[in-house]
Amino acid sequence: MRVPLLFLSLVSATAGSTPAGSPTRNATALYAELCANCHGADLQGGKAGSLLDQNWRHARDDAGLAKVIREGVIVSGMPAFDVSLNEAETRALVVLIRETAKRRVDPAVRHTNELPDGVQHSELHSYRIEKIIEGLDVPWSLGFLPDGRLLFTQRTGGLFIATQKEGKWTTRKVTGVPPVWVRDEGGLMGLAVHPDYATNGWLYLVLSDPGENDTGNTKLVRGRLRDGQWVEQETLFEAPRETYTNLGINFGGRVVFTNGYLFLAFGERGKVGQAQNLSLPNGKIHRLLPNGQIPQGNPFEKTPNALPSIWSYGHRNPQGLAVHPRTGELWETEHGPRGGDELNFIRAGRNYGWPIITHGMNYNGTPVSSLTEKEGLEQPVIDWTPSIAVSPIRFYEGDAFPKWKHHLFLGALAQQELRRLEVKADKVIHNELIFKGLGRVRDMIAGPEGALYVALEIPGPGTPDFIIRLVPAASVSK
Ligand code: HEC
């Protein structure tokens, strides 16, 4: 049997093409290929910080910048590029950063992600965009209470309740929400309202839980709201202390309900390989009862040393989880490394392959695996190579856009896209780009009146984020 080329050592990965010996490549092209993914096409920032704002966290002078590019900031998700760039190329990138910053100091030329005015057209419906809540800092997850109030989390901390009165929105921060470890991709993430909220009042939060010595890991809690306060909190799922890590990446972070169960998406936390280890929570979808207990009938309940909560495994960074409103079937998205973003149809007990198979590679250009498919491992329904940074998914359940009913909406971070997918059984039969370039799409959900609410994160220094909604073109709201 062939052993997959897993976890190639950096030396063997680049053997024969050592960066030092190769001819120097063009800095703009290198930036687009190796850096734009995280720092944005215009260096304005995206998943990682801006390279224009002169607000350096790790480096200040040219030598410092070169050192960061060479050695990376591994805990934060900045890869080391010494394996793929030679010294001249590293230097050229430093120059590119300096040049671009000089040209872009004028805030007026900054990309402002302005919202389009007037009626917008898509294949099935025309709509208008309304900006409803402004001045946010990475709104991550949206939900509605049965009484019509909007809830949202911010990654940098905070659960908020928003209410509308005569067309004006006011937001209020819930007090007493548990502390979170705000680092890179981690913080306060997923939010879900129990399907029987009206009778039991349970709200669910996925967060990065602070551990000792500046570490964190994904955790699921529930609690209730009383007079604007978070009370009666219960921890439903947490990882063993020894798995807490200082790596600020790949938390996963969504929670959804179906048929009396809840599903939790738990990322691999940068610990490549652990998604395959059934004794660890990383890189798994877990199925629990709404009170945190483990239900009967999970696929690994009888497997020695396996966590009985595991529903599926081999996931990298699952930031999207959605349940089909009619069938109860589970869909998932996950960020690949560089390339290899996936939309998956989740079946109990299946292995989704990370990192044994992937259509992507490491950010610095070194391979993850030589395999893109293998017997017994699931293929994605859609693979995005190059990545769009696929994140939230949710089926539209409103009435205002009747032709969108039960279509799957999907958001992308780096490519700033909102997409509409039509699914049939485990296939996608149509895929439409609704809009692009308005911001990093963090979540979307139908409101009680059927408008589609979308949380947008605007990349770049000092750019406040906001929540918009898509309303039918003909309707006059406000
Ligand atoms: C996988 C995502 C990713 C890629 C790809 C990436 N970076 Fe980074 N980079 C980061 C993160 C995350 C940080 C740390 C940000 C922080 O701590 O504020 C960072 C930090 C940096 C810093 C230091 C910024 C500071 O505030 O001191 C520089 C310079 C930098 N990156 C340059 C590059 C260049 C040049 C490339 C391409 C060769 C690149 N990065 C590719 C994620 C990435």
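The following exercises, each with a worked solution, examine a predicted model of a protein.

**Exercise 1. The two domains**

Task: Determine into which domains the protein is divided, and state what separates their centres.

Solution. Begin with the division of the chain: domain 1 covers residues 10–109, and domain 2 covers residues 120–472. Next, consider the C-alpha atoms of each domain, whose centres lie 30 Å apart.

**Exercise 2. The area between the domains**

Task: Describe the contact between domain 1 and domain 2 by residues and by buried area.

Solution. First, take the residues in contact: domain 1 contributes 22 and domain 2 contributes 17. Second, turn to the area. The size of an interface is often expressed as the accessible area that is lost when the parts come together. Here the two domains bury about 1600 Å² between them, and carbon and sulfur atoms account for 55% of it. Third, identify the leading contributors on the side of domain 1: N37, K47 and V75 supply 35% of the area that this domain buries against domain 2, more than any other three residues.

**Exercise 3. Polar links and the make-up of one side**

Task: List the kinds of polar link found between the domains, then characterise the side of domain 1 that touches domain 2.

Solution. Start with the charged pairs: there are two salt bridges between domain 1 and domain 2. A salt bridge also joins the side chains of K47 and E185, with 3.4 Å from N to O. To qualify, the nitrogen and the carboxyl oxygen must lie within 4 Å, and the value for K47 and E185 is 3.4 Å. Helix 2 gives the most, with four residues. Finally, sort the residues of this side by type: ten are nonpolar, nine polar and three charged.

**Exercise 4. The surroundings of N317**

Task: Decide whether N317 is buried or exposed, and find which residues it touches.

Solution. Locate the residue first: N317 belongs to strand 15 (residues 317–323). The cut-off for a buried residue is under 20% relative accessible area; N317 has 2% and therefore counts as buried. Leaving aside residues up to four places away in sequence, N317 touches E185, N250, F251, G252, T333, E334 and H335. With N250 there is a polar contact of 3.4 Å between the side chains.

**Exercise 5. Helix 3 and the residue after it**

Task: Name the buried residues of helix 3 and describe the residue that follows the helix.

Solution. Helix 3 spans residues 62–71, and its buried residues include G64, L65, A66, V68 and I69. The helix is followed by G72, which has a positive phi near 75°.

**Exercise 6. Backbone exceptions**

Task: Find which peptide bonds are cis, and which residues other than glycine have a positive phi.

Solution. Another cis bond joins T385 and P386, with omega about 5°; P386 is placed in the loop between strand 18 and strand 19 (390–395). Turning to phi, L43 has a value near 65°. L43 lies in the loop between helix 2 and helix 3 and is buried, at 5% relative accessible area. H406 also has a phi near 65°. H406 occupies the loop between strand 19 and strand 20 (408–412), and its relative accessible area of 16% makes it buried.

Key: Residues numbered from 1 in each chain as written. Predicted model: local features only at pLDDT ≥ 70, side-chain atom pairs only at ≥ 80, totals over all residues. Heavy atoms only, no water. Domains from an automatic or database assignment. Contact = heavy atoms within 4.5 Å. Buried area = accessible area lost by both parts, 1.4 Å probe. Polar contact = N/O pair within 3.5 Å; in protein donor to acceptor, adjacent residues only side chain to side chain. Helix = DSSP H or I, 4+ residues; strand = E, 2+ residues; numbered from the N terminus. Nonpolar A, V, L, I, M, F, W, Y, C, P; charged D, E, K, R; others polar. Buried < 20%, exposed > 50% of the residue type's maximum accessible area, 1.4 Å probe, protein only.
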